[in-house]
Amino acid sequence: MTQTTRTTCPYCGVGCGVLATLDDFGVVTIKGDKEHPANHGRLCSKGTALGETVYLQDRLLYPEINGEQVDWQEALAHVAGEFKQIINAHGPESVAFYVSGQLLTEDYYVANKLMKGFIGSANIDTNSRLCMSSAVAAHKRAFGEDCVPGNYADLEQARMIILTGSNTAWCHPVIYQRIALAKKNNPDLFIVLIDPRKTQTAGIADCHLAIKPATDSILFNGLLTYLNANGAQHTAYTQNFTQGLDEALKVAQQTAPNIAQVAIACGLDETDVRQFYSLFLNTERVVTAFSQGINQSSSGVDKINAIINCHLFTGRIGRPGMGPFSLTGQPNAMGGREVGGLANQLAAHMDLENPRHTDAVQRFWQSPKIATRAGYKAVDLFNAIKKGKIKAVWIIATNPVVSLPDADRVKAALKKCDLVVVSDCVRETDTARLAHIKLPALTWGERDGTVTNSERCISRQYPFLPPPGQAKPDWWIITQVARHMGFGDAFNYRSPYDIFKEHAALSGFENHGDRQFDISGLATITYADYQSLKPVQWPVNSKHLRGKSRLYADGLFSTLNKKACFIPIHPKPPGDLPNRDYPLVLNTGRVRDQWHTMTRTGMSPRLSAHTYEPYVEIHPVDAQDYQVKDKQLAIVSSPLGSIYVRVKVSQEQQPGSVFVPMHWSEQFSSRARVDTLIKALVDPLSGQPESKHGIARIEPCAPNWYGFILSRHGKHQLKYASYWARSRGKGLWRYELAGEDQPEDWAERARSLLFNEQDNASWAEYMDTAHNHYRAAHFIGSKLESCIFIGPDSELPERDWLISLFQKDQLNKAERMALLTGKPPVSQEDKGKIVCVCFGVGEKQIIKAIKTQGLTSVEDIGQHLQAGTNCGSCLPEISELLQKVRKEET
Ligand code: SF4
C-alpha cells in the first residue's frame with residue numbers, strides 16, 4: 001500500500017511543497033505539491049531527486065563517544081555533564097552552539113532557549129550567518145525589523161525584475177521558473193541581471209550588467225542620484241513614511257554623481273547603465289531580488305541598504321509587484337531568524353541589547369538568567385575556540401570545516417577544542433571526524449516540524465519514514481541535554497507541537513504591534529490543526545488570522561517612530577584586493593545539482609551526473625596567460641593555501657576573476673575545499689564572510705598521469721593518486737584521478753586497486769607502454785565490476801557510455817570488445833555529458849537532435865527527447881545549446 005505525505009523540500013529558501021510517496025518496498029517517489037504557494041507543483045532537480053537521498057548508507061545511527069557506540073542515556077549525561085563542568089569552571093561564555101538553517105524551527109527554538117535563557121550566554125550562531133545575515137542587518141537598519149516585505153507573487157506582477165548577485169537559475173531554480181513563465185506570459189517584463197559572471201540566469205535577462213566585482217553600492221547609489229535628478233522621488237511617501245533621505249542622497253551624489261562615473265567605476269557601458277536607470281525610473285512595478293552575491297561581502301549590509309534606498313525613494317515597497325526581495329539560501333534561514341538563532345538576536349525578533357525585550361523573554365521563559373549582549377558570530381566563534389576562550393562546542397546539522405572561510409583554521413580550532421559534540425544524520429563528515437561525541441539525528445523524511453521560506457511562509461515538514469537505528473529528532477536531543485543539565489521544567493516538551501505553540505505565544509508576548517513577526521494567532525492551535533497546518537505567511541494574529549501577503553503597505557515600519565530609514569552608503573572596496581602575487585579575484589558559489597557540502601545530494605546518482613568534479617572556471621584570456629588548459633588540472637592558491645581542481649575555460653567568466661564551487665569536501669575530493677582559500681574577512685555589521693571575493697593565483701598542475709576508475713565499490717584505496725574526486729553514479733562510483741609517480745607495472749597497481757580475488761573473476765587489459773596508456777576492465781562472470789583508464793594527459797575516453805554499461809547484468813560481445821576503446825560499438829549512441837538529469841539526456845543527443853530534426857525551441861527539444869520537461873532545471877543549458885548550434889550554423 002502506498003502512502004503519500006505532503007511535506008516541504010529541505011534544500012533552498014524557496015521552500016517548495018513536496019508530495020512524497022512511500023511504497024511497500026521502501027521506494028520514495030517525489031512530486032511537486034500543486035497546492036503549495038511557493039512552487040504550485042514545480043520542483044527543481046534537487047527536489048525531484050529527494051527520493052534518492054533517503055537511504056541509510058553512511059548514516060550515523062548510534063550515539064558515539066570517542067568512536068565507541070554508547071546508549072543515549074550515557075551520551076546525554078556525558079554531554080550535559082561536560083558542558084556543566086566547563087560552565088562551572090569557566091563561566092557560560094566558555095561554551096557555544098553552532099547550528100544550522102537546516103534545522104526545523106522547533107529544533108532551533110529550543111537550542112536558542114537553552115543557550116540564551118538557561119546557560120545565559122548568546123554564544124549560539126548558525127550557518128545562516130554565511131548566507132543571509134547581511135540581509136537581516138540591512139532590514140533592521142531600514143525597517144527597524146528583519147522583514148521581507150513582499151512575496152513570490154510579486155515576481156509575476158512586476159514589470160521589471162532586477163536579479164542582483166543571484167544565479168537564480170541554479171540557486172533558486174523554482175523562482176527562476178516562475179520568472180521565466182512570467183516573462184513568457186508577459187514579454188514586456190524586463191529582466192536585468194547584475195552579476196560579474198554571465199551565469200545561466202542570463203538566459204532570461206534582457207540586459208546583463210557584468211559589473212566589476214564588489215561595485216554594487218556604486219551602481220545603486222548612482223541609481224538614487226539619477227532618480228533624484230529625474231524627479232522620481234515619491235515625495236508624499238518619503239515625507240510621511242521615511243527619514244534620513246537628505247544625508248543618504250548627499251552621499252549618493254558624492255560617491256556616484258553621474259552615469260559616466262558610475263559606468264567607469266562599475267566597468268560597464270554607459271549606455272547599459274543609462275538603459276537600466278531609465279527603465280527603473282519609468283517602471284512602477286520593480287522587484288529587486290538579491291542573494292549571496294550581495295550578502296557575502298565585507299560591505300554586504302551597505303549594498304542591500306543601497307538597494308532599499310532606491311525602493312524607499314520611489315515608494316515602491318509593500319505593494320503588488322514591487323520591493324526589495326532577499327532570496328534566502330537555506331530552507332529555514334527565516335525560521336532561524338524568527339527564533340533568534342543568530343548570536344546577536346534574541347527570540348521572536350526581539351533584541352539582546354534592549355532591556356525591555358530581555359526582561360520580557362526571561363519572564364516568558366521563566367529562566368534563571370538571560371544573555372544581555374551579543375555572543376560570538378560564526379567566524380569569531382571559531383576564532384574564540386582557537387584561542388581557547390570557548391572550550392566546548394556543540395555543532396548541529398552543519399559542516400563548518402568545509403563551509404566557513406579560512407576552513408583549515410576552523411579545523412585546527414576544533415582539533416584543539418576540549419569538547420566537540422556533533423549532531424548529524426551522516427556518520428562521516430569533515431567536521432564529524434573531529435568530534436569527541438557524535439549524536440545521531442533524524443533527517444528529512446523522518447523529522448516533524450515547521451520551516452519558513454524566503455517569503456515568510458511557514459510550512460510543515462512531516463515524517464514519512466521510521467526513525468533509523470537510534471537516531472532522534474534534534475529538538476529531543478537538545479531538550480534531553482537541557483534536562484540533564486537541570487533545566488527539566490522549562491524543557492518538558494512532548495512533541496514539536498508543544499514547542500511550536502510556545503514559540504507562537506512568545507511572538508505575541510508584550511508585542512503591542514511593535515514587531516511584525518507575530519504568529520500568536522497560532523499559539524492555541526490544536527494538535528489536529530498543527531498536523532494539517534497549511535502554508536501561511538506571517539504575521540498570523542488577531543488582525544491577520546490567515547496571514548498577510550505583504551508588509552508595510554501602510555507605510556508604517558517597525559522603527560520606534562514607525563518611519564523607514566534611508567542609510568547613507570559610502571561604497572567600500574572589498575577586504576582584499578588582487579596584487580602581484582595573487583592577481584585574480586576568487587568567487588565561490590554553487591552548482592546546479594548540489595547542496596552545501598554534498599552530504600545528501602552527493603549520495604544521489606542523478607544529481608552527481610551533472611557536475612561530478614570540483615572545477616575552476618576561468619576566462620580564455622586568463623587561461624592563456626596562466627597557461628592552464630581546459631579539462632586539465634590546475635592549482636588555485638591564495639595566501640592561505642591551495643587546492644586542486646579541474647579547469648573549465650569559459651567565455652562567461654569575467655577576465656581577472658575565477659569561480660570555484662563551494663561544495664567539495666574531503667569526502668568527495670582530495671583537496672578542493674575552496675573555503676580553505678577564503679580569508680575570514682567579514683562585514684562589520686552582520687559578521688557575514690566575504691565568500692564572493694577572495695584573491696588567488698592559478699597555475700597548471702602537471703601530473704605524470706591522468707585517469708579514472710568506474711567501480712561498483714565506494715571505497716578504493718587512492719593513496720597513489722595525488723588528485724582524486726569521487727562521485728556517485730547509478731550502481732557505481734566514479735573516480736577521477738591524477739598522479740605524480742610513474743609506476744613500473746600499471747597492471748599490478750590496477751589489480752591492487754580494483755580487483756577482489758573471486759572464483760569467477762576475470763579481467764581484460766590493454767597496455768601501450770610507449771605512450772603510457774593503460775586500460776583494464778574487471779568482470780565477475782559477465783558483469784562489469786570495474787574499469788580503469790590511465791593516460792599521459794586528460795584526453796581520456798568519455799565516461800558516459802562506460803557508465804551506462806554498469807546498468808547491465810551482462811555485456812554482449814560487441815560491448816566487451818568495445819569497452820577498452822572507451823567508445824560505444826557503432827550501433828550504440830554516446831549521449832555525451834548529461835544535461836537533463838531527470839531523463840538522462842546528454843549534450844551530444846541534444847545537439848544531434850537540434851541539427852538533424854531542425855529543432856528551434858526548448859519546447860521542441862522537450863517534445864523529442866523529454867529533456868527539460870520534468871523539473872526544468874536544465875532549461876537554461878538546453879537554451880544555451882540551442883543558441884550555440886544556431887550560431888555555428890549561421
Ligand atoms: Fe527544493 Fe529546488 Fe524548491 Fe529549492 S527550488 S526548495 S531546492 S525543489
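Welcome to this structure, where a search of the whole model finds 28 aromatic pairs, meaning rings of Phe, Tyr and Trp (its six-membered ring) with centres within 6.5 Å. One of them joins Y11 and W595, a tilted pair with 5.8 Å centre to centre and 50° between the planes; planes under 30 degrees apart count as stacked, over 60 as edge-to-face and the rest as tilted.

The model is predicted: local features need pLDDT of at least 70 and side-chain atom pairs pLDDT 80 or more, while totals for chains, interfaces and linings use all residues. Residues are numbered from 1 along each chain as its sequence is written, and side-chain values use heavy atoms, without hydrogens and water.

Now to two of the domains, whose bounds come from an automatic or database domain assignment.

| Domain | Residues |
|---|---|
| domain 4 | 584-700 |
| domain 5 | 705-819 |

Their centres, taken over C-alpha atoms, are 27 Å apart. In contact (heavy atoms within 4.5 Å) are 18 residues of domain 4 and 15 residues of domain 5. Together the two domains bury about 1,600 Å², 52% of it on carbon and sulfur atoms; buried area is the accessible area (1.4 Å probe) lost on being put together, summed over both parts.

The interface of domain 4 and domain 5 has 1 salt bridge, defined as a side-chain nitrogen of Lys or Arg within 4 Å of a carboxyl oxygen of Asp or Glu. R646 and E736 form a salt bridge, with their closest N and O atoms 3.8 Å apart.
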